Amino acid sequence: MNRASTATAFRPEVLIRMLAVLGLVVAPQLPRLPPWLVVVSLAFAAWCYFITRRSLKLPSLWLRILLSTLLLMAVYAHYGTLLGHDVGAALLIAMLALKLMEIRDARDIYITVFLGYFLIIVGFLFSQSLWMAAYMLVVVTLLTSVLIDLNRTRLTAIGSNLRLAASMLLRALPLALAVFVLFPRISGPLWGMPKDAYDGMIGLGKEMAPGLISDLIQSDAVAFRAGFDGPIPPPRQRYWRGPILWQTDGMAWRTGHSWNPVSRSGPPPLVTSGDAVTYTVTLEPHNRRWLYALDLVAAAPPEARIAPDFLLLRAAPLRERLRYAVTSYPDGVASRLSVTERQRALQLPVRGNPRARALAQEWRRRFHDPATIVQQALLMFRNQPFIYTLHPPAIAGDFVDRFLFKTRKGFCEHYAASFTFLMRAAGIPARVVTGYQGGELNPIGNYLIVRQRDAHAWSEVWLDGHGWTRVDPTAAVAPERIDLSIDNRLQDIGDAVRFELPHAAWLAALWRETHFAWDALNNKWNQWVLSYGVARQADLLGWLSLGGLSWQNAAILLLAAVGAVLVGMVIFMLKRERQAEDAIVRAYQAFCRKLARRGLSRRSYEGPVDFAQRVAAQRPDLAGQVHGIIKLYTALRYGANQTPAALDMLRRAVRHFRP
Amino acid sequence: MNRRLAALAEPLIFKLFRHKVPTGHTLILERQRIYALPTRFGLVYAAMLLVMLLGAINYNNSLAFMLTFLLASTGIISILYTYRNLAHLQLRSGKAAPSFAGKDARFTVLLHNPDPLPRYALRLTAAQAEPRLTDIAAADTAAVELSIAAPRRGRLRLGMITLSTTYPLGLVRAWAYVNLDMQCIVYPRPGPRLALATAPNFHEGDHAGSAMGSDDFLGFRAYLPGDSPRHIHWKALARDLPLLTKKFTASETQDLWLDWSLLPAVDDETRLRILCRLVVDAQRASQAYGLRLPGVEIMPALGALHRHRCLQALALFGEPQS
């Protein structure tokens, strides 16, 4: 069938509304898009608007093909690939912009709106925050109202279409929720994920080089949250263990060989003292294999094992939010050092940093005792003018030498690296531990929020007779770091780090309260909505005593639930006109009951008007009210005024009627 | 809206339920008379949701799942909205104004909405008629005029009407067939005005031997420019006599008898068309006229009703009386 005969015209106003809504759809993606694509899309939208407004001719097919090819090539040139999330989103937006070039009739508007829906879902690949969800819900309502616009006889105010769209979505919600909960989830992707699928995830890596952690510190993103069964450990015990770095080239530190299959043996025995702490961590995905736990972990969750250096490792990189329970001994000590470990803990590059080596050798000659050497190093950091700063000057050449003797401005990574270097040079086995230190207590929900800005690096030295001992050289320079979070909003280059001091001002307190409430809400959102997957679904079904369903039964359950909700909706929606009729009768009956209580019962043969006349004759004081109600009732019942407003008036009049 | 799908499914449904198409002057759209199918936009929407679902499964993205299910549910709920937009509507046959063949016949269908919910974008389609769109406010009635080409004189039936709607989202189309049993009279298409040479003298009462006492023929006089062609003595012209004009006692107020048998020997339809033209012209000139067809005689008179009687007699000429 040829297109012209089925074409349905649309009103230009609908197009304008659609363009505005599409702008809102694309808005969250803007920061990720190449600027030229934004400009081109805006130009196309303007072009589309003028074509419709001025009834101009559409660009010819050849021009459109040319534009499409150019745009595709430009996107390819920009990203160097056509695979991946970012490119996918950019291509979809380019397609949308090109589609605007050929909007001829209602059909094209439908297709464009559908593309808009699609773009929203692509946006969810980048952000699933509560804000994003709320924003997109509004945008979905707006897009749906454009569809309603298309199906109206005449142009209607945006408000009425929006209300209808909102009420449709609201009524669709129970069904959607039922399917969301019951739709069988599978673990793992159906097909390969693009390479950049996990680019957005941040966190510590397997390497520590100057600048890596201080970059991470800029981020307020939540690394994980931890809820405690008992009391929350004090800040000094809040060392969240991450990758342990053994290998150095004098500047950068790496994990080295600790993960090769030889070291698949379990951890050395843990000498425990003090109380165990049991807690549950909700870890944000970071695309790495390790999980974070407080020093030192005693019992691993089922999905992970404890490596010899007490790092919690799982089999595959973590790409979805994970909740796991752990038990740790904050005062526990790892008390065995194998020969290979001793070798690795003393590894140093062959040459470089002569002054640091000389200093360490001198300490060794003077003090012999490793514990005293450690003290000596910490004293040096404390007494000499070392500055703790987020923006240390760049160091070229011998990193440790320049830092210890020249710049003396550094961040935790500088201190941990130099300290560990000194210890090794002094013949004391040492290693760098990266992780997070601290965490903010959220009194609403009683859990700790650990953010990327709490990223930290410290050292562990082997002291014979004691075992691996944690030494935090940063604490020697800036003891506040351990007790307070870094206020990363106000850091200037080269300045000493400012810490978030407890504010007395009520405004600050209010701000923190709001912040905590918001984070508690986010925590629930993460746990119940975003990480609703295979495990959560199994938990929920188990709780409903429906655990262990075969997929056939799960499908039956899903269909049954959908059916039940639908039947409910059908009854709710299609009985409404009936209800309206009933409501009139009910109001009248209530009116009659009120009179009956005063001894004025309606006789079975009496119509409403006769009844009203009799009542008015017996109770002249009620005459006005009674006649008013009967007038409304007869108008509603017999046709003169059958509007919802009239029904409302009748109900109100009956409610206020006190004979 | 969904011509392609309708083209496949509708005739089938129509065939299946043809005997059930409700017929009558007043009809209420009950549940079992309303059909619903997705439009082609509905099918595209469903395909889009399927792709979205695959994406949501692949990326295990909770919000993507949620949006997919929300949109799917909205699509399903929209069936109820669309259906509700038609349900319980009352249809009544309204005016079916007569028309001339070759013009459009106009049927008025009255749609009453008994509910407190307004109805929107109802589409009324009849065979060969331009579809009409209308809204109906709560507890209100809308009159919808359907224009159908009337090619031939006689009775024109409106036949089956399809009442459909895709409101609110255009993803689903609900429709119902109704037959309001409406018909209108189609008058013959007015013929050409007779050429002078062939026009008979309708005032000559005596030639047919019928009772025409009111025509008081006085005699002839010479033709003067400006004389009505109806008063020209055509027979004289045929006999090569000079042009004469007939004179009557009642002169210009004389009644006309539009007589089938006075017309030149042309085919029946042409005669009817010529008579139709004469009726229209006589009425317009406010000159009383009567009509005489084989088997039909309408006494001279004037007025809209009289005109309709005459034109109806012409329209139904040759049809068995019902």
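1. H88(B) counts as partly exposed, because 19 C-beta neighbours lie inside 10 Å, and a residue is called buried only from 20 or more. The model under review is a predicted one. H88(B) is placed in the loop that runs between α3 (62-86) and β3 (90-97) of chain B. Its phi is near 65 degrees, a positive value in a residue other than glycine.

2. A second residue with positive phi deserves attention in chain A. For R408(A), which is not glycine, phi is near 60 degrees. R408(A) sits in the loop between α13 (399-407) and β16 (409-410) of chain A. With 17 other C-beta atoms within 10 Å, R408(A) is partly exposed. As background, most residues other than glycine have a negative phi.

3. In chain B, the bond joining Y167(B) and P168(B) is cis, with omega at about 5 degrees. P168(B) belongs to the loop between β10 (160-165) and β11 (172-179) of chain B.

4. L296(A) is found in the loop that links β9 (293-294) to β10 (297-299) of chain A. In general, most peptide bonds are trans.

5. Chain B also contains an open sheet of 3 strands, in the order β15-β16-β17, with mixed pairing. Its edge strands are β15 (256-259) and β17 (296-301) of chain B, each of which pairs on one side only. Ignoring direction, neighbouring strands of this sheet are turned against each other by 15 degrees on average. Helix α6 (residues 304-315) of chain B packs on the sheet and touches β16 and β17 of chain B. The direction of α6 makes about 155 degrees with that of β17(B).

6. Within this sheet, how many bridges join β16 and β17(B)? Strand β16 (residues 289-293) of chain B pairs with β17(B) in the antiparallel sense over 4 bridges. Y289(B) stands opposite A301(B), a residue of β17(B). Strands of a sheet pair through backbone hydrogen bonds, either parallel or antiparallel.

Terms used. Residues numbered from 1 in each chain as written. Chains lettered and ligands numbered in written order. Predicted model: local features only at pLDDT ≥ 70, side-chain atom pairs only at ≥ 80, totals over all residues. Pairing = 2+ DSSP bridges. Helix = DSSP H or I, 4+ residues; strand = E, 2+ residues; numbered from the N terminus. Axes fitted to C-alpha atoms, helices over the stretch in contact; angles between N-to-C directions. Contact = placed C-beta atoms within 7 Å. Buried ≥ 20, exposed ≤ 12 C-beta atoms within 10 Å, placed from the backbone.
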